[in-house]
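Open the model in your viewer and keep the sequence panel beside it. The stops below are given in the order in which to select them.

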Amino acid sequence: MVDVGGKPDSERIAVAYAVVHLGAKVFNLVQQNQIKKGDVLTVAQVAGIQGAKLTSQLIPLCHNVPLSLVEVTLSLDAEKHTVAIQALCCTHGKTGVEMEALMAASLAALTVYDMCKAVSHDIVIEEIKLLSKQGGQRGDFKRD
């Protein structure tokens, strides 16, 4: 791990994104909350929050970050038959929360896949990416 002991504490915020392409049949079942495993969007939201909290246990060289906020939002796009996932993580500390936000978006996407795979395996997870970060010595980042 990198030594962050000498770095000053600061507010740090990161937002990550993922998209899950479901296809028309699976999308309609999710939209109507008829997937046999349960409420896909709610379970995926909770999984994303849990993923953010467990990041340092799953990625070997990540610091354990005290999260002050994790928000995971899932929205349906009927035209594209997709679930868009956005994860926001905040802390006040010595290192950023980019990995926590990316983990939250990724785990929420994987949970959508897991809950829907009994209907179809033709589900694609794409565009896992950092949208923005604020705070820290290297400054802010915003994807265009």
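Select residues 1–136 to begin. UniProt, in an unreviewed entry, places the feature "domain: Molybdopterin cofactor biosynthesis C (MoaC)" on this span. What you have on screen is a predicted model. Within residues 1–136, 33% is helix and 34% is strand.

Next, go to the inside. The largest nonpolar core has 32 residues. Select V20, L22, V72, I85, V112 and C116, which have the most contacts inside this core. Then colour the elements that give two or more residues to the core: β1 (10–21), α1 (24–31), α2 (40–53), β2 (67–77), β3 (82–93) and α4 (98–116). Which of them gives the most? The largest contribution is that of α4, with nine residues.

Leaving aside neighbours within four places in sequence, which residues is I85 in contact with? The list holds A16, Y17, A18 and V20, then V72, T73 and L74, and finally A105, A108 and A109.

Now show the surface and look for the largest pocket. About 430 Å³ of space lies in it. The lining has 21 residues, and K7, R12, T95, G96 and E98 are the closest to the pocket centre. By class, eight lining residues are nonpolar, six are polar and seven are charged. Helix α4 supplies the largest share of the lining, three residues.

Move on to S132, in strand β4. Is S132 buried or exposed? Its relative accessibility is 15%, so S132 counts as buried, the limit being under 20%. Display the residues around S132, again without those up to four places away in sequence: S132 is in contact with I13, A14 and V15, and also with F141 and K142.

The last stop is Q137, in the loop between β4 (124–134) and β5 (141–142). Here the relative accessibility is 64%, and Q137 therefore counts as exposed, the limit being over 50%. Apart from residues up to four places away in sequence, Q137 touches K7 and P8. To finish, draw a distance from Q137 to A47: their C-alpha atoms are separated by 31 Å, and the two residues are 90 residues apart along the chain.

Definitions and conventions
Residues numbered from 1 in each chain as written. Predicted model: local features only at pLDDT ≥ 70, side-chain atom pairs only at ≥ 80, totals over all residues. Heavy atoms only, no water. Core = buried A, V, L, I, M, F, W, Y, C linked by side-chain atoms within 4.5 Å. Buried < 20%, exposed > 50% of the residue type's maximum accessible area, 1.4 Å probe, protein only. Helix = DSSP H or I, 4+ residues; strand = E, 2+ residues; numbered from the N terminus. Contact = heavy atoms within 4.5 Å. 1 Å grid on protein atoms, 1.4 Å probe; cavity = no way out; pocket = protein on both sides within 12 Å on 5 of 7 lines; lining within 4 Å. Points joined across faces, edges and corners; volume = space filled by probe spheres on them. Nonpolar A, V, L, I, M, F, W, Y, C, P; charged D, E, K, R; others polar. UniProt positions renumbered as here; feature names shortened; annotations may be inferred.
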